[in-house]
Amino acid sequence: MKAIAICGSPREGGNTEYYLKTVLGELAQKGVETEYIPMLDKTVKPCRGCYGCLQAKKCVQDDDFEAIFEKMEQADIIILGSPVYVGKPTSLLQALLERVTFSARASGRMLTGKVGAPVTVARRAGQVYAFGELLLWYFINDMIIPGSMYWNVAVAGAKGAKDADKDLEGIEIMKYTATNLLKVATAMQNSKAEDAAVARDKLFFTPSSGK
Ligand SMILES: Cc1cc2nc3c(=O)[nH]c(=O)nc-3n(C[C@H](O)[C@H](O)[C@H](O)COP(=O)(O)O)c2cc1C
């Protein structure tokens, strides 16, 4: 089982990073392989709307996108985290999500059945819009989102304070979310194994087989 967390904050050591690492830490304790992926050191340009992915079966732009796309392809759990910027997820993250959505469709809907959840951090307002926007991304990509004890949102101090450790409720929400992510991802894995077993049985025990 592999979980990745993609962080849309342009700041190293910021609040979003802290909460994403809290989720990943909880998953790692339960034996999940984890990876934190910051967008701050990546170049992922916005979607050009060229529709080149339909022919090429992948995004035709040449930047850091492909490497992140491959990591998403290999993951069972994808957590997206963003600070709220003017009521939205950051454009750093949004550029990635637009391109992933089209490329995933063009290359066989690789996100189908993967499990994930959004995490947003704000000083005061706009959580619901940013959180909701990320939920829409999971939904259109045929992914499974477990609920939690609250929305996975956390609050930060004014003037860019890096004080995530002060929001104790936020930390508890992230840990609880990790537990639910693992429960659902395990159920998805088991159901895939059952599907494979049924397919195998069909192959070996149909009247036409063994001739
Ligand atoms: C450009 C910009 C826009 C922001 N917009 C909002 C906002 O709409 N609502 C809010 O509550 N906080 C807003 N903030 C504050 C950040 O969401 C907050 O500082 C957050 O903790 C930053 O996350 P990070 O530490 O992971 O970078 C904004 C900050 C910046 C720099």
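Let us begin with strand β1, which is mostly covered, as 5 of its 6 residues are buried. A residue counts as buried if 20 or more other C-beta atoms lie within 10 Å of its own, as exposed if 12 or fewer do, and as partly exposed in between, with C-beta atoms placed from the backbone. Strands are DSSP runs of E with at least two residues, helices are runs of H or I with at least four residues, and both are numbered from the N terminus. What you see is a predicted model, in which local features need pLDDT of at least 70, side-chain atom pairs count only at pLDDT 80 or more, and totals for chains, interfaces and linings use all residues. Residues are numbered from 1 along each chain as its sequence is written.

Now step back to the whole chain. The protein chain has 6 helices and 5 strands, and along the sequence they follow the pattern β-α-β-α-α-β-α-β-α-β-α. Of its 211 residues, 38% count as buried. The C-alpha atoms fill a box of roughly 75 × 40 × 25 Å along the principal axes. A compact globule with 211 residues would have a radius of gyration near 17 Å, and the 19 Å of the protein chain agrees with this. That radius is taken over C-alpha atoms, and the globule rule is 2.2 Å times the number of residues to the power 0.38.

The strands come together in an open sheet of 5, in the order β2-β1-β3-β4-β5, with parallel pairing. β2 (33-38) and β5 (153-155) stand at the edges with a single partner strand each, so one side of each is left without a neighbour in the sheet. Neighbouring strands are turned by 15° against each other on average, direction ignored. For such angles, axes are lines fitted to C-alpha atoms, for helices over the stretch in contact, and the values run from 0 to 180 degrees between N-to-C directions.

Return to β1 and look at its two partners. Two strands pair if DSSP finds at least two bridges between them. β1 and β2 run parallel, joined by 6 bridges, and isoleucine 6 has isoleucine 37 in β2 as its bridge partner. Together with α1, these two strands make a right-handed β-α-β unit. Right-handed here says that, with the strands pointing away from the viewer, the path from the first strand over the helix to the second runs clockwise.

On to β3, residues 77-83, where 7 of the 7 residues are buried. Both faces are covered: Ile77, Ile79, Gly81 and Pro83 lie on one side, and Ile78, Leu80 and Ser82 on the other. β1 (residues 2-7) and β3 run parallel, with 5 bridges between them. Here isoleucine 4 has isoleucine 78 as its bridge partner, while cysteine 7 stands opposite glycine 81. Towards β4 (residues 115-122), also parallel, β3 has 7 bridges, and isoleucine 79 is partnered by alanine 117. From β3 the chain crosses through helix α4 (residues 91-106) to β4, in a right-handed β-α-β crossover.

Finally, find the ligand. It is surrounded by 20 residues, the closest being Gly14, Thr16, Pro83, Ala122 and Ala156; a residue is near a molecule if its C-beta atom, placed from the backbone, lies within 6 Å of it. α1 (15-29) and β4 are the elements that give two or more residues to this shell, and α1 gives the most, with 3 residues. By class, the shell has 8 nonpolar, 7 polar and 5 charged residues. Ala, Val, Leu, Ile, Met, Phe, Trp, Tyr, Cys and Pro count as nonpolar, Asp, Glu, Lys and Arg as charged, and the others, Gly among them, as polar.
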